[in-house]
Amino acid sequence: MASNEDGSIGSSLHGVTGREQVFSFSVEDGPSSQPIRTNDPTAKFALPVDSEHRAKVFKPLSFAKPHMRAFHLGWISFFTCFISTFAAAPLVPVIRDNLDLTKTDIGNAGVASVSGAIFSRLAMGAVCDLLGARYGTAFSLLLSAPAVFSMSFVADAGSYLAVRFMIGFCLATFVSCQYWTSVMFTGKIIGLVNGCAGGWGDMGGGVTQLLMPMVFHVIKLAGATPFTAWRFAFFIPGILQIIMGILVLTLGQDLPDGNLSTLQKSGQVSKDKFSKVFWFAVKNYRTWIMFVLYGFSMGVELTINNVISGYFYDRFNLTLHTAGIVAASFGMANFFARPFGGYASDVAARLFGMRGRLWTLWILQTVGALFCVWLGRASTLPIAILAMMLFSIGTQAACGALFGVAPFVSRRSLGLISGLTGAGGNFGSGVTQLLFFSSSRFSTAEGLSLMGVMAVVCTIPVAFIHFPQWGSMFLRPSQHEERSKEEHYYGGEWTEEEKSLGLHEGSIKFAENSRSERGRKAVLADIPTPEMGTPAHV
Amino acid sequence: MAIHKIILASFQICLLIQFSHGATKERLFSDLEKGALDVTAKPSRQGVLDAGIDKLSITWKLSSTAKTQASFKTIKVKLCYAPVSQVDRPWRKTENELFKDKTCPHKIITKAYNKSSQSFKYTLERDIPTGTYFVRAYAVDAKDHEVAYGQSTKEAKTTNLFSVQAISGRHKSLDIASICFSVFAVLALLVFFVNEKRKAKIEQSK
């Protein structure tokens with residue numbers, strides 16, 4: 001992995017947010033407040049770490065400081081935000097009576113609930129870089145908590161929509177959570193760690209469908225009328241957010257070696273230019289394909305979180321409670337479905353390289369979408385539930401598989417691409433809710449089937465993702481001398497002057513490591529690294 | 001595989017249960033005897049009624065034109081949405097199949113059938129939504145199947161309607177608690193932030 005030599009660039013924060021902290025761990029610089037002795041800096045960590053003190057193993061049952069603690073704080077914060085954002089969904093049958101909402105009002109509020117995060121996810125990258133992952137997460141949790149509590153004041157469709165919009169901002173914790181795990185865990189296991197963090201966080205969308213009706217029921221038993229009880233029920237996600245915010249600030253740590261503010265004093269040199277990072281992310285056509293793809297895997301999942309409970313309540317005449325249980329099963333499947341998708345992608349990569357990853361992604365997402373079509377057409381409860389479960393597994397696994405491809409699209413702009421892809425998920429959800437679930441043009445059942453069809457169509461662009469060094473779904477890798485090398489692809493993100501300054505060395509190192517994406521051929525290939533200023537071979 | 005067979009078997013059992021309900025699903029609203037009961041609903045005051053406060057005086061009796069009264073066992077009186085309150089609200093849709101019909105979700109009272117005129121003073125419940133309503137009484141037989149009905153409005157459901165304004169559901173105590181928690185959240189963040197910045201400055205100046 002990364003060497004300890006002079007001039008080697010610590011890549012723990014490389015490109016995650018697009019503003020790299022170079023030399024942030026060089027102990028020889030100036031009067032550092034860190035009492036770490038270079039001869040055994042890893043002794044104080046509970047888990048084995050690499051040269052940047054990122055954990056090399058993933059122990060989900062441990063809460064050891066700082067790595068596993070960061071993982072748990074990160075995913076639970078994300079989970080809490082999912083609960084808050086979709087807390088209204090299972091209670092819509094009560095809310096629509098209280099506020100005299102029409103189907104259009106409900107649909108628009110659903111769109112609003114996922115739209116805020118499009119912007120907040122993009123901004124979160126910069127926030128994490130400036131203030132650290134702890135404050136990024138805590139800002140999200142504590143500043144959106146007032147929005148959750150303000151459901152007490154909502155009196156009509158307009159205020160309902162505004163509150164749901166503001167609560168939705170907290171979904172930016174997706175980015176801060178992934179950022180936090182990326183600085184705490186080494187590259188080889190980051191796929192699994194991020195898949196677990198992402199999947200377990202997404203489960204919040206399922207848990208809320210169970211939690212909110214239950215809380216509502218208990219409050220009604222305590223004597224409140226339904227129209228007051230649902231408002232009070234929102235206090236639970238609100239209080240959870242406050243608790244998590246405080247826990248993150250007190251128990252969490254930004255980086256393996258300490259908090260950002262204390263570490264920043266020990267010699268920080270040029271950060272990567274945001275404009276450059278932004279340009280390379282935007283210029284790469286694959287970013288936009290990922291944007292669309294995630295819009296129809298995660299986007300569909302977010303939409304379902306908003307509509308599925310009401311769908312089962314209205315169409316199959318279930319009670320609020322039972323509809324919540326059914327809807328919850330959709331979100332709960334995330335517990336294993338998303339990590340499974342990431343794992344399947346990794347296995348496919350081992351055998352067939354990047355082409356395997358792309359095929360896995362296409363298959364999972366298309367199959368999931370086809371089951372969505374079936375869900376809309378199912379007219380009996382057992383078939384609807386079966387279709388929904390298969391649909392959930394396919395779509396959520398596709399989310400995991402997509403983030404098996406995303407880290408390879410760019411090295412310099414990795415963080416920004418994660419943020420853009422994440423925003424794409426919310427954008428896709430907004431579009432599908434607006435098109436299919438916000439007017440009386442389609443019944444909810446028709447809307448589900450049409451959404452499935454649209455998802456199948458919008459998954460086809462996977463075929464156009466082509467890496468010259470690895471190929472694509474239907475094309476083999478380039479035979480060209482230069483273009484068939486990983487170094488050419490990742491080096492292409494740096495200008496000649498930047499290369500002459502050696503700023504691209506992290507990308508070159510990444511390129512070497514990414515040879516595993518050639519599949520079985522990687523074992524056979526014996527390509528020497530080009531002599532372009534790379535540090536001494538490991 | 002064994003699991004395969006179990007899933008298939010339970011799936012088929014579920015299907016069978018669904019199909020066995022088929023008989024009840026076929027009952028249609030259009031098959032019921034119209035106007036078998038004369039129903040009147042008089043609001044306690046003029047204008048828009050307040051849920052939880054205002055009352056309706058409801059009376060029902062057997063109509064002179066009724067034919068199927070021999071099978072009447074119980075009368076179920078319900079509060080129903082007028083067409084204007086059903087617009088863009090598919091969860092209140094009027095359907096011909098009785099089990100699907102969502103026009104009259106609010107139960108008022110269920111009483112045993114009696115030839116003579118019956119009445120009931122109904123206080124609008126606090127969970128009645130804002131909307132325009134009328135009252136319908138279903139005559140139900142011994143098998144709990146509807147056989148006839150009467151309603152306080154004409155067939156077109158445009159006359160003799162009354163409006164209800166729902167409670168807001170808001171409470172002063174809830175508002176205050178909400179503000180307190182919100183302020184606490186923002187303050188907590190500010191306190192931590194300022195504190196850490198101060199500590200970092202002290203560290204640096206050392």
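Start by selecting B:Ile179, which sits in helix H3 (residues 172-205) of chain B; helices here are DSSP runs of H or I with at least four residues, strands are E runs of at least two, and both are numbered from the N terminus. This is a predicted model, where local features need pLDDT of at least 70, side-chain atom pairs count only at pLDDT 80 or more, and totals for chains, interfaces and linings use all residues. Residues are numbered from 1 along each chain as its sequence is written, chains are lettered from A and ligands numbered from 1 in the order in which they are written, and side-chain values use heavy atoms, leaving out hydrogens and water.

With a relative accessible area of 47%, B:Ile179 is partly exposed (buried is under 20%, exposed over 50%, partly exposed in between, using a 1.4 Å probe and protein chains only).

Next, move to the cysteines. Over all chains, the structure holds one disulfide, a term for a pair of cysteine sulfur atoms within 2.5 Å. Select B:Cys80 and B:Cys104: their sulfur atoms are 2.1 Å apart. This pair links distant parts of the chain, 24 residues apart, with B:Cys80 in strand S4 (residues 74-81) of chain B and B:Cys104 in the loop between S4 and strand S5 (106-112) of chain B. Turn the view to look along the bond: the link is right-handed, with 100° about the S-S bond. Both B:Cys80 and B:Cys104 are buried.

Now switch to chain A and pick A:Cys177, which is in no disulfide; the nearest cysteine sulfur belongs to A:Cys128, 10.0 Å away. A:Cys177 counts as buried, at 1% relative accessibility.

Finish at A:Cys372, also in no disulfide, with the nearest cysteine sulfur, that of A:Cys458, 13 Å away.
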